[in-house]
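Hello,

Here is the structure I promised to pass on. Please open it, then read my notes below.

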Amino acid sequence: MQFQDRYSRQILFPGIGPEGQRLLAEARVAIVGCGATGTCVASLLARAGVGSLLIIDRDYVEPSNLQRQTLFDEADAAESLPKAVAAARKITAFNSEVQVTAEVADLTPENAEPLLSQTDLGVILDATDNFETRYLINDWAVKCGKPWIYAAAVAAYAVTMNIIPGETACLSCIFPAPPEGTVETCDTAGILNSAVNWVGSIQATEAIKFLVGARDKLRRTLLSLDLWTNDGAEVAAARPRPDCQTCGRREFVHLAGERRPQITLCGRNSVQIHEHDRPVDFTEMSARLQPHGLVKHNDFVLKFWREPYEMTLFPDGRAIIKGTSDTAVARSLYARFIGS
Ligand SMILES: [Zn+2]
C-alpha cells in the first residue's frame, strides 16, 4: 500500500503534513495497559501511522471486555488470548507496516527499566487502571525526562493530563498521595465505552502533537469531563510544585525502594500471584492438572477450572485466580496445584 495514499487525509491536515507523517513513521510509543483506553489509543495511533508500538498488559481477553475494548472480538475471548497479543494481531491485520511488540507482563519496579528503555520512546501512554502503576510510570518518566500522558476513566467520568518533565507539573505534583479509601473502578462503578474513547482520543491526539513536535499546541492542564452530566473542569498544571517529592526532590520511591507485594487483588473477585519467575511447561502442567478439573491451554495461557475457581497461568509462572478476593485462599490454591 502506498504510504502517500494511505495517509493522504492526515497529510492534508496542516498540523501534520508530509514532514509530520514522516516523523510519525519513525516514532516509538509505549502503551502501558491494553484495556479500553489502551485499545483505543493503540488503534488510533497505529491507523495514524506511528511506526512502532510497545504494548504492555498482564491480562487476557474476557467476554465482559468486548463492550468497550475495541481491538478485541469474541474469538479472542473464547481463546482467552493475552490482551497484548490479541491487540498486536488486530493491528497487524489493518496496518502491517506498524511494528508491534506485545509484552504480556505487569509493569513493576523490577521490569520498568528493562521494558521501557529497550526502545527510544517518544512518549509513554498510561492506559492502566491503578495509581500504583501510574506512580511507577511517573517516576521512570521524570527520571529519564520522557513525556507521558495520564488518562483514566470510570463510569461516565474521564480525566487526562500531559506530563512534560522539567516543564509541567508531574503526577505527584497534582496528587502527592494516591486517593484514599475505596476508589471506584470499572468493576464497581461500571464504565461507558464513550467516556473511555473520549479520553483515549484526547490522549492519542496529544501524543501525536508530541511526536510531530507541535509542542506549543500541547495542553498544560488537568482536563476532566463527566460525559453524563456534562460537568467539566480544567485545573492548571503548567508548572511543577517546587517541593514535589518526584520532580522537585527527585526521590523515585516507586521505582527504586518499595517492592510490590507479590500477591495483589486485581478486579473485584480475583487475585494475581507472581511469586516465582520460573517458566512453566504447559503440556506437562496440563497432564498434571487433568485429574483435578478441566484444563485448556494454547501458546500463551493455561486455564484450569476447579469449582468455584478459575485459574489462568502464564508461561512465566504468574497466575490470576478468579472466584476469590482472599489472598490466602489464592495462595493455597496456587501452592496446591501449581507448586510452592
Ligand atoms: Zn512533580
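The side chain of Arg58 makes a polar contact with the side chain of Asp106, at 3.4 Å. A polar contact is a pair of N or O atoms within 3.5 Å; within protein, one must be able to donate a hydrogen and the other to accept it, and residues adjacent in sequence count only if both atoms are side-chain atoms. Arg58 sits in the loop between strand E2 (52-57) and helix H5 (74-79). Helices (H or I, at least four residues) and strands (E, at least two) are DSSP runs, numbered from the N terminus. Arg58 is buried, with a relative accessible area of 18%. Buried means under 20% relative accessible area, exposed over 50%, partly exposed in between (1.4 Å probe, protein chains only).

This is a predicted model: local features need pLDDT of at least 70, side-chain atom pairs count only at pLDDT 80 or more, and totals for chains, interfaces and linings use all residues. Residues are numbered from 1 along each chain as its sequence is written, and side-chain values use heavy atoms, without hydrogens and water.

Next, the zinc ion. Its protein donors are Cys170 (SG), Cys173 (SG), Cys244 (SG) and Cys247 (SG), 2.2 to 2.3 Å away. Donors are N, O and S atoms within 2.8 Å of the metal (3.2 Å for Na, K and Ca); water is not among the atoms, so sites may look incomplete. The donor residues follow the spacing C-x2-C-x70-C-x2-C. Cys173 lies in helix H9 (residues 171-174) and Cys244 in the loop between strand E8 (232-236) and strand E9 (263-265), 71 residues apart. Cys173 is buried at 8%, and Cys244 is buried at 0%.

Best wishes
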